[in-house]
Amino acid sequence: MLVEVVQAVVTGLLIGLTFAVLAVGFSLIWGTTGVVNIAHSAFAVLAAFLSLVASRQWGLDPIAALVGLVPLFFILGVVLHEVLIKVAARRTKELGLASMIFTFGLASFMENGMAYVWGPGPRVLNTAYTGAAVHLLGISIPLTHAYGALLGLATIGLLYGFLYHTFPGKAVRAVWQQRDGAALCGIPLHRVTALTYGVSIASASVAGVAMALIYSFTPATYMVWLVNVFLIVIVGGVGSLLGAAAAGLIVGLVSSLSVLVMPFVWTNLALFGLLILVLLVRPSGLLKR
Amino acid sequence: MSKSTRREFLTKAGIGAGVLFLPGISLTVRASSAPIKIGGSLPLTGAYADTGLWVERGYRYWAEQVNASDGLLGRPVELIIYDDASQVDRGISLLERAITVDRVDLLLGGYPGTTAAAQMAVAERYRKVYVSMGGHMASFQRGFRYSFGAPPLMGEWWYEGAFQWLESMDPAERPKRAAAITANNAVGMAVRGGLADGLARSNIELVMDELYDLPLASAEPLVQRAKALDADMFIANGFFGDGVQTIRAMRALDYNPKLILQGIGSLIPEWVQELGEDGNYVVSGTALHDKLPFKGVEELNQVARERWGLRNAPEYFLFGYAWMQALQQGVEGAGSLNQDAIAQYLRTEGIDGIAGRMVFDERGLPPAFSYTTQVINGQVELIWPLHVRTHEPVYPKPPWGR
Amino acid sequence: MVNRPRDWVYVFGILLALGLLPLAQPSEYVLSFLYFLFSYAAMAVAWNVLGGFGGYLSFGHVTFFGTGAYVTGLMLVHWGWSPLITAPLGGLAAALLALVIGYPTLRLRGPYFTVVTVVTVLIAKIVVLNVPLTGAAMGLWMPFPPWDPFTSRVIFYEAVLVLLLAALLMARWVQHAKFGFGLRVLREDEDAAAAIGVPAFRLKLGALLLSAFVCGMVGAVHGYDRSYLHPDFMFDLHPSIMMVLMALFGGRDHWLGPLVGAVAVMITDELLTVYVGTEAARMLFGLLLIIVVLFLPEGVISLRLPKKPPRAAAAGEGVSSP
């Protein structure tokens with residue numbers, strides 16, 4: 001029994017890190033521009049599909065494929081900003097609400113586009129290490145989970161370094177905290193926001209690959225991942241990088257441990273229930289700074 | 001010219017002209033016999049496409065054969081197969097479209113069971129014969145007059161052969177504790193239906209009985225549970241995709257039960273393609289098989305070798321062919337496209353095709369039967385009943401990678 | 001066009017004429033298409049009371065649709081009552097559910113509210129999928145309607161036409177009453193509205209209950225028509241997305257807006273689905289959502305309505321009648 005619990009904790013922490021990466025990018029955009037990007041996880045799923053293609057066509061390992069995917073998605077993020085967000089910011093007064101609708105539209109567009117190209121069936125990534133695991137003291141650590149978590153950790157670390165130790169990163173944080181003040185300091189708002197979007201979507205691509213190493217996915221999976229992301233961001237507080245990371249671990253643990261105490265089919269419900277609970281009790285975030 | 005020679009000449013000319021016109025006559029005769037339209041839907045894309053495509057090939061090959069010989073009731077057949085994208089919803093409306101817009105003469109069966117069950121209801125409403133795999137026992141208990149499982153894919157009968165095989169084993173050898181995971185849909189639940197009783201007959205305790213919704217995100221938590229419970233028999237009542245994930249999870253977690261039962265999916269070529277050696281020794285059930293000694297099976301195996309370079313005809317290719325063949329025999333037996341006459345014929349005379357001889361009862365079902373399969377060396381072998389056994393079963397399952 | 005008092009008569013006149021259409025023995029295909037059009041339009045019109053007038057975007061109204069279907073379906077299976085008669089009960093059940101959901105969640109704003117509505121659909125699906133009462137994963141089989149297919153089609157057609165009329169009348173009433181006025185004030189600035197004494201919560205809840213009621217009734221009729229219910233298609237996000245799109249595309253500020261939107265969207269959907277494929281249709285709808293929000297926030301119908309007076313005018317100047 002103890003072994004089962006420890007195993008669940010280990011797995012939970014690993015998948016929690018993966019979810020955290022997905023949440024961080026989402027939180028970044030929400031915090032800096034007030035845009036709720038429903039399509040964030042759709043980009044992640046897209047990255048998963050593209051890595052699948054890379055794996056089938058050229059035998060590329062998904063993690064290796066990231067070398068190409070990350071810059072590509074960075075550009076996609078910037079394009080998203082230029083084409084949609086700027087226009088929306090100019091034309092609508094309630095950007096938050098409007099952004100929900102048009103990013104929902106974008107997500108639906110992407111979901112069906114992916115279904116059109118690759119079909120709606122479930123996919124799994126096959127790597128050289130799928131099915132392989134490290135066994136320590138009776139605990140199995142599947143390599144796919146380990147690599148996914150390492151990717152997550154690395155990305156969060158990089159983001160932290162970027163935001164706190166580089167000039168452009170600090171500019172992003174400045175805009176995040178005080179938009180007008182930042183502008184007054186001469187920070188080019190437009191360029192910084194574009195950068196933020198690029199970074200966010202790029203991180204989504206990493207998250208997509210990390211998730212796909214562990215889970216099967218379909219074009220419609222973005223919605224399930226989004227609910228998890230939302231939960232993490234609510235729990236961790238919008239706009240807190242470390243909060244998102246910590247909340248990710250919590251959500252991962254809940255997800256994993258719930259399997260032990262309830263029938264498998266109800267485990268998703270546990271997460272949904274937690275989300276609603278948190279929203280009703282402390283919508284500003286459990287871990288608010 | 002003399003009178004007699006002119007007569008001769010005219011006669012010969014007449015015959016000659018007549019001969020010239022003959023092909024013209026037979027051409028016009030064929031052109032005016034409109035094709036018999038057979039319509040319905042299959043999952044050509046989506047979650048069940050792997051199987052749906054093979055069923056389609058079975059249907060189309062049958063149509064090819066029929067058109068190459070005398071046709072059906074002397075008329076060519078035309079198949080109208082819509083893609084329902086593995087969604088029941090669409091299966092319902094597409095079948096209705098085939099009936100009301102395309103005005104098809106006959107219906108073709110859908111896949112999988114959930115879609116077939118829903119389509120059975122539609123067919124019943126329009127009073128048209130519907131031959132398919134059926135939607136498991138529940139669907140045949142609704143008093144439908146026009147639906148036939150010919151043969152059916154009856155989840156409740158699925159593991160019957162495996163249970164008999166277990167019973168025939170030395171009790172000391174049998175597994176003691178079974179863990180079952182079931183896809184939370186009609187098929188999975190139907191397959192799970194006979195589980196408790198079947199296991200009890202061999203004194204096997206069911207220590208875990210979990211359901212999961214499709215698509216299955218990850219099989220690890222479930223397999224982990226089974227391993228922690230020391231289950232030495234694992235039953236995966238799911239489909240191809242989740243089955244593959246489950247096997248992989250078992251390997252990743254180094255879980256080695258003595259026996260693995262798989263619901264659907266271990267019989268299609270893709271199983272061995274995806275899993276390689278890991279796909280071996282998995283046991284399943286079926287209602288049709290390429291090694292069965294019935295008339296026509298070997299010819300279909302031959303076709304599979306020639307067209308797709310496979311060793312034998314895939315299971316669902318055979319099913320597709322079988323269902324169309326049953327419909328064909330019903331129509332020919334009744335001598336018309338009258339749906340009531342066809343249904344009547346199937347209940348009195350039955351059919352005799354690649355799935356064997358079967359007569360259908362009030363519910364549209366033949367008497368209960370099931371064949372048990374095991375994947376051995378990348379090949380699907382029959383291990384039960386004894387009189388169709390093609391290979392000695394491998395038990396217990398060797399640990400992964402050895 | 002539609003702002004002149006007499007013009008709403010034309011709209012209802014057209015609808016009544018459509019009610020007589022079956023006498024002309026049209027093809028089943030036409031009846032079927034209009035059946036779906038009326039159903040979606042009714043739900044979009046009802047949704048708009050909360051979403052358009054009130055500004056509370058719910059992507060969860062399909063939950064009410066499904067609830068109405070299952071409740072009346074179960075009553076049919078166990079007690080033999082025809083859903084065409086018990087539809088209002090289905091609507092009531094949906095409204096009850098709306099009350100339970102709405103009470104805690106209508107306190108949330110903007111994106112938080114919307115996300116909760118999405119989660120509601122996901123929860124409903126899981127629950128219905130795993131509870132034996134509703135048939136769980138097997139689905140719920142219902143007895144067939146007792147008529148032949150064509151008569152059936154006509155009866156269901158008329159049923160949803162009636163529901164559409166009811167929804168339109170309801171929305172029109174709301175728009176002209178203080179109710180609708182209050183909702184629109186909420187949409188502009190909820191805190192200010194509450195400060196001046198607008199009973200915000202009651203209005204929101206009322207709007208939610210009314211829209212849920214209509215969706216529940218539509219669900220009841222649909223369920224009976226299908227004779228087979230399964231959470232996979234009774235609790236699917238797509239109809240919810242359609243409702244939102246139709247209302248926003250047609251025009252969220254007017255009771256007729258969603259109807260216009262429904263016509264436009266359904267025709268497009270049919271053309272695309274038949275000639276290209278369902279995914280192409282849904283991709284287009286995604287794009288339309290984007291376009292509507294960015295370029296046509298008041299919807300297509302705004303092209304025909306008179307321009308609103310400048311925002312500087314006090315909130316006392318509402319939208320003109322009818």
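Predicted model: local features only at pLDDT ≥ 70, side-chain atom pairs only at ≥ 80, totals over all residues.
**View 1. Chain B as a whole.** Welcome to chain B, which is built from 14 helices and 14 strands. Its C-alpha trace spans about 105 × 40 × 35 Å along the principal axes. Of the 402 residues in this chain, 57% are buried. Take the contacts in chain B with a separation of 6 or more: 69% of them join residues 24 or more positions apart.

**View 2. Helix 4 of chain B, residues 113-125.** Here we zoom in on a helix of 13 residues. From first C-alpha to last, helix 4 of chain B reaches 18 Å, close to the 18 Å expected at 1.5 Å a residue. Because 11 of its 13 residues are buried, helix 4 of chain B is largely enclosed by the rest of the structure.

**View 3. The side of chain B that touches chain A.** In this contact, 26 residues of chain B meet 24 residues of chain A. On the chain B side, two or more residues come from each of strand 7 (205-212), helix 9 (220-228) and helix 10 (240-252). Sorted by class, this side of chain B has 13 nonpolar, 7 polar and 6 charged residues.

**View 4. The side of chain A that touches chain C.** Now turn to chain A, where 31 residues are in contact with 28 residues of chain C. Four helices of chain A each supply at least two residues to this side: helix 3 (62-91), helix 4 (95-118), helix 9 (221-236) and helix 11 (267-281). Helix 4 of chain A gives the largest share, 15 residues. By class, this side of chain A has 23 nonpolar, 7 polar and 1 charged residues.

**View 5. The largest nonpolar core, seen around A42(C).** This core has 341 residues, and A42(C) and V160(C) touch the most other members. In chain B, domain 1 (36-154 + 293-358) and domain 2 (157-288 + 371-388) both give residues to this core, so it lies between them. Back at A42(C), and leaving aside neighbours within four places in sequence, the contacts are V160(C), L163(C), L164(C), A167(C), V214(C) and V218(C).

Notes: Residues numbered from 1 in each chain as written. Chains lettered and ligands numbered in written order. Contact = placed C-beta atoms within 7 Å. Nonpolar A, V, L, I, M, F, W, Y, C, P; charged D, E, K, R; others polar. Buried ≥ 20, exposed ≤ 12 C-beta atoms within 10 Å, placed from the backbone. Core = buried A, V, L, I, M, F, W, Y, C linked by C-beta atoms within 7 Å. Domains from an automatic or database assignment. Expected span 1.5 Å × (residues − 1).
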